[in-house]
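Subject: Structure handover

Hello,

Here is the structure I promised to pass on. Please open it alongside this message; my notes follow below.

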Amino acid sequence: NMCFFDQHRFACGDWKWGHFRQHCNREYRTGETCGMKLIMQTVPVSQKCKLCDKIDTKQRRRSAEEDRINRWKREGGKFRASIDRSYDMIKSLDREIYDLRSERMRKLQAV
C-alpha cells in the first residue's frame with residue numbers, strides 16, 4: 001500500500017505531482033505520507049509545462065534573429081555589427097536551449 005496523489009499530464013507529455021488524495025496504512029505520524037507516491041488519477045492539462053514553454057520562447061527568439069540576419073544580408077553589408085551581435089545572440093540562445101532540454105531530460109530520467 002502506498003500514498004496516492006493526482007498526476008497532472010501536460011500537452012508536451014511531461015507531468016508533475018498534484019494534490020495528495022489518500023493515505024496508506026504505513027502512515028507514521030498524523031499528516032505525513034509514507035514517501036511512496038502512486039497515481040490516484042491523471043489530470044490532463046492543455047498547456048505545455050514551464051520548461052517546454054521556455055524552450056519554445058527561446059526557439060522563437062532564435063528564429064527571429066535568423067530572420068533579421070537574412071534580411072540584413074539581403075539589404076547589403078552595411079549591418080555587419082548588427083549581424084555579428086545577432087550571431088552572438090543565437091549562440092547564447094543555443095546554449096540556453098541546450099541547457100533547458102538537458103534539464104528536461106534529467107527530470108524525465110529521475111522518475
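Start with His8. Leaving out residues up to four places away in sequence, His8 touches Asp14, Trp15, Lys16, Trp17, Gly18, Val43 and Val45. Keep in mind throughout that this is a predicted model. His8 sits in strand β1, which covers residues 3-9. Is His8 buried or exposed? His8 is buried, because its relative accessible area is 18% and the cut-off for buried is under 20%.

Next, the cysteines. How many disulfides does the structure hold? The count is zero. The closest cysteine sulfur to that of Cys52 belongs to Cys12, at 3.6 Å. A disulfide needs the two sulfur atoms within 2.5 Å, so this pair is too far apart for a bond.

Cys12 itself lies in the loop between β1 and β2, where β2 is 15-22. Setting aside neighbours within four places in sequence, Cys12 is in contact with Lys48, Cys49, Cys52 and Arg104. Cys24 is another matter: Cys12 and Cys24 are twelve residues apart in sequence, and their C-alpha atoms are 31 Å apart in space.

Cys3 is buried, at a relative accessible area of 0%. Cys52 also counts as buried, at 8% relative accessibility. Cys12 is partly exposed, with a relative accessible area of 22%.

Now the helices. Helix α1 spans residues 50-74 and helix α2 spans residues 80-109. They pack at an angle of about 160 degrees, and their axes are 9 Å apart. Angles over 145 degrees count as roughly antiparallel, so α1 is roughly antiparallel to α2. The crossing of α1 past α2 is left-handed. Which residue classes make up the contact of α1 with α2? By class, there are twelve nonpolar, three polar and 13 charged residues.

Arg95 is exposed, with a relative accessible area of 53%. Arg95 and Lys58 are 37 residues apart in sequence, yet 10 Å apart in space, C-alpha to C-alpha.

That is the handover. Send questions whenever you like.

Best wishes

Notes
Residues numbered from 1 in each chain as written. Predicted model: local features only at pLDDT ≥ 70, side-chain atom pairs only at ≥ 80, totals over all residues. Heavy atoms only, no water. Buried < 20%, exposed > 50% of the residue type's maximum accessible area, 1.4 Å probe, protein only. Axes fitted to C-alpha atoms, helices over the stretch in contact; angles between N-to-C directions. Helix = DSSP H or I, 4+ residues; strand = E, 2+ residues; numbered from the N terminus. Parallel < 35°, antiparallel > 145°, perpendicular 65-115°, else oblique. Left-handed = near helix turned anticlockwise from the far one by under 90°. Nonpolar A, V, L, I, M, F, W, Y, C, P; charged D, E, K, R; others polar. Contact = heavy atoms within 4.5 Å.
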